[in-house]
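I opened this notebook to record what I looked up in the model, entry by entry. The entries follow the order in which I consulted the structure.

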Amino acid sequence: MNFTNFGRYLLLLKAVFRKPEKFKIYLKAIFKQMDFVGVGSLGLIAIISTFIGAVMTLQIAFQLVSDFIPKTIIGSVNRDSSILELSPTITAIVLAGKIGSAISSEIGTMRVSEQIDALEIMGINSPGYLILPKIIAGITMVPLLVIMSMFLSITGGYIGGTLSGAVSPAEYIQGITTDFNPYTIVVALVKAFVFGFIITSVPAYEGFYVKGGALEVAQASTRAVVVSCITILACDYIVTQLLL
Amino acid sequence: MIEIKDIHKSFGSNKVLQGISGKFEAGVTNLIIGGSGSGKTTLLKCMIGLHHPEEGSVEYDGREFTTMNFEEKIEIRKEIGMLFQGSALFDSMTVEENIMFPLNMFTDQERKEKLERVNFCLERVNLEGKNKLFPAELSGGMKKRVGIARAIAMNPKYLFVDEPNSGLDPKTSIVIDELIKELTEEYNTTTIVVTHDMNSVMGIGDYILFLHEGKKFWEGSNKEIAHTEIQELNDFVFASRFMKAAKGKF
């Protein structure tokens with residue numbers, strides 16, 4: 001994003017947060033988007049998180065070759081990695097692809113087929129009507145998905161570790177319950193909130209300013225995913241630096 | 001009534017509109033005509049605020065539109081109905097939801113009242129009973145008629161129509177033209193139609209503004225247009241073989 005784009009993005013956000021014309025209509029749209037962002041992504045995030053947790057456990061066990069390191073450490077490392085990094089970031093990257101491309105192409109298609117012009121002619125604040133429900137859905141549902149992802153990733157680690165024999169159930173449970181710092185959950189939720197905002201607002205921006213036809217909508221969709229992923233990673237670093 | 005004064009609009013170095021002025025009265029069908037790239041749609045978009053003219057003014061019954069702030073423009077836009085070239089129906093909504101949308105947004109009517117209004121509008125455009133269809137299930141002509149129904153749902157004072165006949169067969173085009181004229185006269189709306197369809201020009205053009213290369217070349221009625229001596233206008237009006245053959249009969 002260059003400075004011009006960043007400026008236009010901020011101006012779009014200013015329009016997004018104008019007072020809604022009718023709160024009831026917006027509320028309906030928010031619930032619809034929550035269903036799309038949250039419920040619609042449950043399966044995918046569940047599968048990815050469980051497998052990542054299982055693979056993480058196996059890899060940590062593989063790297064811990066010393067007899068001086070207790071095996072309980074496998075659970076602790078998997079827990080902290082899942083909570084602090086893997087669950088928020090992987091969930092966000094996956095959602096940037098799934099939700100981001102859908103948002104960008106939906107709004108982009110509305111732009112090129114004059115549906116956004118139609119909204120504006122009716123006297124409706126089109127950025128607010130189209131984007132605000134998506135952002136609210138993003139900042140509420142992504143943290144919930146991340147919480148679920150943390151749980152499943154740790155559970156996946158348990159299943160993977162015990163099935164393979166890399167770690168015993170007792171050692172793994174002891175590992176995940178020892179020296180747990182609840183602050184890591186706070187850091188993860190702050191990340192999830194920021195990522196939820198990025199996943200919805202960046203693709204919405206890319207779609208909103210599309211000019212042209214089907215080809216440009218597709219290009220905007222690709223750009224939306226790429227820019228969202230890079231922004232997520234940059235913000236991941238910044239939030240981690242600030243909070244840890 | 002809508003009055004435009006000295007409208008200028010450029011895109012980069014391309015001067016699309018150069019000092020366009022005109023007066024569009026209520027209760028008559030006003031047409032903006034011209035060849036492709038003459039600036040018709042840009043002028044329409046300047047009038048409704050989708051483009052911002054560099055110079056000039058647009059007045060809605062004496063209310064200067066171009067200098068209004070966002071909230072004031074919203075109030076004017078609530079009085080505007082518009083039919084877009086591609087109809088611009090919301091894909092995710094049924095015909096009923098499309099027409100009901102502005103009512104949901106700007107009125108506190110009960111659902112029953114809104115439904116009555118939707119059915120009235122659908123009846124008005126001869127699409128009774130099509131409430132539950134989605135835009136993808138409609139033909140081009142039906143989409144235009146639903147677009148008109150949505151445009152008139154809020155009883156607009158000003159009706160803008162962009163290329164109502166594009167992609168339609170001649171018979172359906174006439175139906176749409178007649179519908180626009182009927183609605184204009186019935187509700188005394190200030191109607192502005194952007195077109196290059198000569199059937200529309202000769203059929204419903206009460207007031208016609210002819211644009212050529214971004215400039216106003218001529219204004220008058222459909223009775224006068226066939227007798228003008230302006231070369232550019234004659235080249236436009238009598239471009240087709242049919243119109244050439246019929247030239248002496250107007």
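**Entry 1. Domain contact in chain B.** I note at the outset that the model is predicted. I looked up how domain 1 of chain B meets domain 2 of chain B, and found ten residues of domain 1 in contact with ten residues of domain 2. I then asked which element gives the largest share of the domain 1 side. Helix α6 of chain B, residues 170-187, supplies five residues there. Sorted by class, that side of domain 1 holds seven nonpolar residues, two polar residues and one charged residue.

**Entry 2. Domain bounds.** I checked the assignment behind the preceding entry. Domain 1 of chain B is made up of residues 2-79 and 158-249, and domain 2 of chain B covers residues 92-155. I recorded a distance of 26 Å between the C-alpha centres of the two domains.

**Entry 3. UniProt record.** I consulted the annotation for chain B. An unreviewed UniProt entry lists residues 2-238 of chain B as "domain: ABC transporter". For this span I noted 39% helix and 26% strand, with its end C-alpha atoms 29 Å apart.

**Entry 4. Strand β3 of chain B.** I then examined the directions in which they point. T29(B), L31(B) and I33(B) point one way from β3(B), while N30(B) and I32(B) point the other way. In a regular strand, side chains alternate between the two faces of the sheet. Residues pointing in either direction from β3(B) are buried.

**Entry 5. Partners of β3(B).** I looked up which strands are joined to β3(B). Strand β8 of chain B, residues 190-195, runs parallel to β3(B) and is joined to it by five bridges. In this pairing I found L31(B) opposite V193(B). Strand β9 of chain B, residues 207-212, also runs parallel to β3(B), with four bridges between them. Here N30(B) stands opposite Y207(B).

**Entry 6. Contact between the chains.** I asked how many residues each chain brings to the contact. Chain A contributes 13 residues and chain B contributes 14 residues. On the chain A side, helix α5 of chain A, residues 115-121, gives the most, with five residues. I classified the chain A side as five nonpolar, three polar and five charged residues.

Technical notes
Residues numbered from 1 in each chain as written. Chains lettered and ligands numbered in written order. Predicted model: local features only at pLDDT ≥ 70, side-chain atom pairs only at ≥ 80, totals over all residues. Domains from an automatic or database assignment. Contact = placed C-beta atoms within 7 Å. Helix = DSSP H or I, 4+ residues; strand = E, 2+ residues; numbered from the N terminus. Nonpolar A, V, L, I, M, F, W, Y, C, P; charged D, E, K, R; others polar. UniProt positions renumbered as here; feature names shortened; annotations may be inferred. Buried ≥ 20, exposed ≤ 12 C-beta atoms within 10 Å, placed from the backbone. Pairing = 2+ DSSP bridges.
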